[in-house]
Amino acid sequence: MRELDVIVVGAGFAGLYALHKLRGNGLAVHAFEAADDVGGVWHWNRYPGARCDVESLQYSYSFDDALQQEWVWSERYAQQGEILAYLQHVADRFSLRPLISFGTRVTSAHFDAAVDRWHVTTDLGEEATARFCVMASGSLSASRLPEIPGIETFAGQILHTGTWPPGGVDFAGKSVAVIGTGSSGVQAIPQIARSAEQLVVLQRTPNFVVPARNQPLSEEKQSAWKAAYAEYRAQARQVGTLYDFNQTSAHAVSAQAREAEYRRRWKLGGVNFVHAFNDIMTDPVANQTAADFVHARIREVVNDPVTAEKLCPRGYPLGAKRICVGSDYYETFNRINVALIDLQATPVTAIEAKTIRTTEAVFAVDLIVCATGYDALTGALAQIDIRGRSGTALSAKWADGPRNYLGLMTADFPNMFIVTGPGSPSVLVNMVVGIEQHIDWIAACIQHLGEAGATRIEPEPEAEQAWVQQVNDAAAETLFVQANSWYLGANIRGKPRVFMPFVGGIGRYRAICDEVAASGYAGFQLANGD
Ligand code: N01
């Protein structure tokens with residue numbers, strides 16, 4: 001049995017940095033990773049078109065200046081393969097592979113209060129114990145297949161974008177159905193349409209899709225950015241991703257000026273569009289001006305007016321479901337080999353052998369691609385039998401929502417840290433910035449415990465309660481809560497409806513976490529079990 005200081009679950013962006021940082025602090029650390037290589041979501045999400053929608057120069061580690069200076073990105077938004085190559089490079093450059101058991105899924109983690117240690121088991125029957133557990137198991141890593149009548153009897157191949165086969169898929173000559181039009185579907189649909197014979201897109205809810213305007217990254221842009229990296233990274237620590245944040249209200253300018261600003265951002269491409277005015281995510285009327293602008297662009301691009309109307313999102317604010325960034329997304333619906341089915345108007349009634357039947361039509365299909373998303377933020381943890389000090393399962397404790405303090409820890413589960421999980425800015429900010437902030441905080445916390453002679457740290461229930469309230473209050477001030485999104489757990493039947501990420505921003509969140517640490521870990525109980 002391995003006897004460690006820290007067990008890390010997962011070897012994606014978070015797990016790799018945790019290994020590097022904690023080993024650097026002199027700790028015996030080891031990671032278990034279900035995949036056969038590093039990469040996390042960038043290992044699994046190999047679907048055609050998969051790329052990041054945060055710019056490459058920002059979606060990368062900042063902890064090592066030589067790394068950020070030497071690594072060369074080829075495009076404005078890196079493709080999955082390039083991000084995976086980057087993470088493989090990081091694993092090799094910092095000699096992290098010997099610290100990882102690949103092809104090994106953690107199945108249980110139980111806290112033994114008699115000795116203040118976590119006891120972990122894996123699907124290969126391995127056992128390990130450690131003083132601390134760092135859950136770097138991903139926010140969007142537990143994929144989910146849709147509940148559609150008869151899908152289990154489909155005679156063709158069923159794929160999920162989040163568990164794509166490593167060898168790729170040949171769509172030539174095939175009739176393909178894509179279910180789901182979130183970020184993954186929006187990226188995959190144009191690519192699949194180019195190679196498949198026929199593509200039918202089954203859309204339940206249209207999303208707002210802004211153009212990516214991806215392009216090769218010029219040497220000049222890359223050099224200029226790298227020369228100013230110190231300054232840019234410092235800014236990113238306060239805002240997550242550097243966008244052009246307009247501090248003006250959408251109401252403060254004329255209709256023409258508003259339109260001009262939306263047009264300017266639409267032309268530049270990317271998530272920057274959402275920051276055109278400072279009240280888009282808080283004021284429904286301001287939000288509607290942005291939504292109207294997108295509707296007009298959809299009608300402009302899509303030739304068939306009926307299809308265009310089906311693609312126009314309605315009934316929820318722009319940005320309240322994660323905005324999608326696409327390349328040729330709306331244009332794809334002008335292709336003669338692509339059909340769009342509005343599942344709200346004409347739901348699927350049956351899937352039989354190799355056909356999909358809706359209330360209106362029947363489609364012959366060889367292959368179904370499910371771009372149907374994830375059990376977000378809590379799903380990966382729920383797959384592990386995690387039991388705390390009192391023996392209670394984490395899933396039982398979180399039955400009414402993921403109660404936690406600072407998103408980092410949860411009462412009754414001492415010495416277990418959660419990286420970019422519920423209660424932290426997590427998926428609302430640049431994930432790499434959020435990950436580095438969390439790992440740095442965790443590393444400093446573990447060091448502090450050593451210096452203080454404490455063997456255990458755990459949130460106080462009152463601090464946890466207050467933090468959950470603060471996270472809820474922050475969300476309630478925004479339009480985020482007005483959509484049936486995975487942020488709220490609305491995509492999973494029976495999941496409690498709680499807005500999970502902290503919307504207050506990474507700068508404010510970082511300040512709160514730093515203040516807690518500086519005050520001797522206010523809101524936490526530190527104890528020595530000797
Ligand atoms: O998943 P999603 P995703 N029948 O949950 C539909 C990140 N990401 O994998 O909205 C029919 O967003 C569902 O419909 P509805 C990013 O944070 C980033 O696309 O529930 N349809 C929805 O359309 C993103 O937000 C990048 O009505 C069903 C879709 O499936 C997150 O991952 C790329 C259905 C699921 O969309 C998740 O994105 C990819 C059913 N039974 C992902 N069940 C980039 O960086 C679900 N749907 C660019």
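Is Phe171 buried or exposed? At 3% relative accessibility, Phe171 counts as buried, where buried means under 20% relative accessible area, exposed over 50% and partly exposed in between (1.4 Å probe, protein chains only).

Some ground rules: this is a predicted model, so local features need pLDDT of at least 70 and side-chain atom pairs count only at pLDDT 80 or more, while totals for chains, interfaces and linings use all residues. Residues are numbered from 1 along each chain as its sequence is written, and side-chain values use heavy atoms, with hydrogens and water left out.

Now for the rings. Rings of Phe, Tyr and Trp (its six-membered ring) pair if their centres lie within 6.5 Å; planes under 30 degrees apart are stacked, over 60 edge-to-face, and the rest tilted. That rule gives 37 aromatic pairs. Here are two of them:

| Pair | Centre to centre | Angle between planes | Type |
|---|---|---|---|
| Trp164 and Phe171 | 6.3 Å | 40° | tilted |
| Tyr329 and Tyr330 | 5.2 Å | 65° | edge-to-face |

Trp164 is buried too, at 4% relative accessibility, and so are both Tyr329 and Tyr330.

One aromatic cluster includes Phe13, Tyr17, Trp42 and Tyr61. Leaving aside neighbours within four places in sequence, Tyr61 is in contact (heavy atoms within 4.5 Å) with residues including Phe13, Tyr17, Arg233 and Glu436.
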